[in-house]
Amino acid sequence: MTLRVAVIGSGPAGIYTAEALVKQAQEDVRVDVVERLPTPYGLVRYGVAPDHTSIKSIANYLRRVLELPEVRFLGGVTLGEHLSVEDLLSHYDAVVYATGAMVDRKLGIPGEDLPGSVAATDFVNWYCGHPDVSASMFTLDSAEIAVIGVGNVAVDVVRVLAKTADELSSTDVPHDVLERLGASQVKAIHMIGRRGPEHAKFTLKELRELGELANADVCVRDDEAVVLGGDFPRQIRGNIDVLQSWAARPPVGRPRRLDVRFWLRPVEILGTDRVEGLRLERTRLSEEGRVVGTGEFETLPVGMVLRSVGYQSIPLPGVPFDERSMTVPNEAGRVRDREYVAGWLKRGPTGVIGTNKSDAAETVRTLLSDLAGHDRTQSAPIDALLLERGVRPVTYDEWLAIEAAEGALAKSLGRGERVKLAGLEAMLRACRP
Ligand SMILES: Cc1cc2nc3c(=O)[nH]c(=O)nc-3n(C[C@H](O)[C@H](O)[C@H](O)COP(=O)(O)OP(=O)(O)OC[C@H]3O[C@@H](n4cnc5c(N)ncnc54)[C@H](O)[C@@H]3O)c2cc1C
Ligand SMILES: NC(=O)c1ccc[n+]([C@@H]2O[C@H](COP(=O)([O-])OP(=O)(O)OC[C@H]3O[C@@H](n4cnc5c(N)ncnc54)[C@H](OP(=O)(O)O)[C@@H]3O)[C@@H](O)[C@H]2O)c1
């Protein structure tokens, strides 16, 4: 008998789940990795910054999983649109949801919906060439931009904004997007933390990279770099030291300027038809450790506000969802009978790619122990049902054709190894000429 499992989502969590199933199962196993896009790898392809090529190369590891004989890639198939939970449960012994966290958290302040107030999710999707976002979505015509949040995504976003098109030319950024980045009018970028340097979420390696930008001076104010107390973990101590060294370093007149600010919270995005400014309030910590306003305000004359305050999962039709934690409630990955969850949908949107490996292994241990000794489904593969509904999944080989077309495009443009094709149609044309 064969154990048949559907994994929904082909990001790191989904692919590590498929790998763990093949490695851990003591019986014949078949895994279908169902993905709404024609392309695998989730945020490794559409999140990890284009200039972080060594991290992007994790795709080479994930690729080997999709090439296992027990694993199949079914691209262009969406749970909730083409398939329901009931369809999956009647065709597989178990289902693992690994659809990540696709939308932005809200700030909840006036002006948040003005044109020019942009979610980092959209901006990241834009420079990563995600088919949900068109290349014409952003024009960088403001001289000053604010980025709210001091996590690693905010660091990615400010780095991309600070670099020149030349510096990004060898990356896989879609060509139209690269041209828009080349035409950028941005002179000043303000990265805003609502607490102090010791509370920032970015990691030391990523922070240090900002200090190496060839095209931007990085500035920190003396008074905002001050940190009370001295007993911090090594990573945080490292962040503080780097920030304080920048506070002591005068700008040298590079074309752009990045101001890393602390103890300021956004209270209103100003403007009538579009963003014209950002009103901030100075903050401090209350005795209970909460961020509170001091009643002292300042306004930045920015034409764009990028909100990088975290991602969030969305409910899947027919799957339990906790609206408070914005995750699928689970016990060691078990949601309900024969339904499991992994990755950001299980834990929330934190953690690096590798975190999803142990997380997926835990889910698979639960799944295999629950299903041990149970009868296996005799149902036919899901293919006939999809065909009946007019859905022809993108196969792994078709994905390879998309990849090859991206390589050919890079070559024709004289750019690096690959340039992303913009839009679903271009991808489908490349794999189904
Ligand atoms: C901007 C950004 C940059 C990052 N950079 C790094 C980095 O440099 N290094 C690092 O270690 N970590 C990085 N991370 C973290 C890392 O990307 C995550 O830990 C990881 O991607 C989470 O994996 P996941 O599989 O849960 O989600 P995802 O990677 O988001 O994968 C989810 C997949 O599910 C698919 N899907 C969604 N809904 C459906 C549906 N209804 N039906 C079918 N498929 C669906 C999606 O298309 C997607 O392919 C970054 C995160 C972000 C947001
Ligand atoms: N190179 C890499 O390894 C890399 C790159 C990108 C992402 N990632 C990972 O992906 C995960 C997600 O990253 P992320 O940057 O999206 O999230 P994050 O690390 O949670 O950072 C979110 C930031 O937004 C701030 N914030 C939240 N709500 C706010 C509000 N209402 N007003 C002002 N600021 C607010 C947070 O401040 P508070 O702390 O005060 O809440 C924090 O600074 C992280 O685990 C990250 O490490 C890794």
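Trainee: Which strands does α1 lie across?

Mentor: In this predicted model, α1 lies across β1 (2–8), β2 (28–34), β3 and β4 (94–97). The helix runs at about 175° to β2.

Trainee: What is the strand order in the open sheet with mixed pairing?

Mentor: The order is β3-β2-β1-β4-β17-β16, six strands in an open sheet.

Trainee: And which strands stand at the edges there?

Mentor: Those are β3 (71–74) and β16 (334–336). Each has a single partner strand, so one side of each is left without a neighbour in the sheet. On average, and with direction ignored, neighbouring strands of this sheet are turned by 25° against each other.

Trainee: Do β16 and β17 pair in the parallel or the antiparallel sense?

Mentor: Antiparallel: two bridges link β16 to β17, which covers residues 339–341. Within this pair, Arg334 stands opposite Tyr340 of β17.

Trainee: Let us move to the parallel sheet. What is its order?

Mentor: That open sheet also consists of six strands, ordered β6-β14-β7-β8-β10-β9, and the pairing is parallel. At its edges stand β6 (117–119) and β9 (216–220). Each of these has one side without a neighbour in the sheet, because each has a single partner strand. From one strand to the next, the twist averages 20°.

Trainee: How many bridges join β7 to β8?

Mentor: Five bridges join them, with β7 covering residues 144–148 and β8 covering residues 188–192; the two strands run parallel. One of the residues involved is Ile148, whose bridge partner in β8 is Ile192.

Trainee: Which strands does α7 touch as it packs on that sheet?

Mentor: The helix touches β7, β8, β9, β10 (256–261) and β14 (304–307). The direction of α7 makes about 175° with that of β8.

Trainee: Now the ligands. Which residues come nearest to ligand 1?

Mentor: Of the 33 residues around ligand 1, the nearest are Ala13, Glu35, Leu43, Trp344 and Ile353. By class, this shell has 19 nonpolar, eleven polar and three charged residues. Three helices each supply at least two residues of the shell: α1 (12–24), α2 (42–46) and α7 (152–162).

Trainee: Which polar atoms face its oxygen atoms?

Mentor: A backbone N or O atom of Gly351 lies 2.9 Å from an oxygen atom of ligand 1. For Asn356, a polar side-chain atom is 3.1 Å from a ligand 1 oxygen. At Pro12, a polar backbone atom is 3.4 Å from an oxygen atom of ligand 1. Taken alone, ligand 1 exposes 1000 Å², and the protein buries 92% of that.

Trainee: And ligand 2: which helix gives the most to its shell?

Mentor: That is α7, with three residues. The shell around ligand 2 has 20 residues, of which Val150, Arg194, Arg195, Glu206 and Gly351 come nearest. Its classes are eight nonpolar, seven polar and five charged residues.

Trainee: How much of ligand 2 does the protein cover?

Mentor: On its own, ligand 2 has 930 Å² of accessible area, and the protein covers 83% of this.

Key
Residues are numbered from 1 along each chain as its sequence is written. Chains are lettered from A and ligands numbered from 1 in the order in which they are written. This is a predicted model: local features need pLDDT of at least 70, side-chain atom pairs count only at pLDDT 80 or more; totals for chains, interfaces and linings use all residues. Side-chain values use heavy atoms; hydrogens and water are left out. A residue is near a molecule or strand if one of its heavy atoms lies within 4 Å of it. A polar contact is a pair of N or O atoms within 3.5 Å; within protein, one must be able to donate a hydrogen and the other to accept it, and residues adjacent in sequence count only if both atoms are side-chain atoms. Accessible areas come from the Shrake-Rupley method with a 1.4 Å probe; for residues, only the protein chains shown count as cover. Helices (H or I, at least four residues) and strands (E, at least two) are DSSP runs, numbered from the N terminus. Ala, Val, Leu, Ile, Met, Phe, Trp, Tyr, Cys and Pro count as nonpolar, Asp, Glu, Lys and Arg as charged, and the others, Gly among them, as polar. Two strands pair if DSSP finds at least two bridges between them. Axes are lines fitted to C-alpha atoms, for helices over the stretch in contact, and angles run from 0 to 180 degrees between N-to-C directions. Contact means heavy atoms within 4.5 Å.
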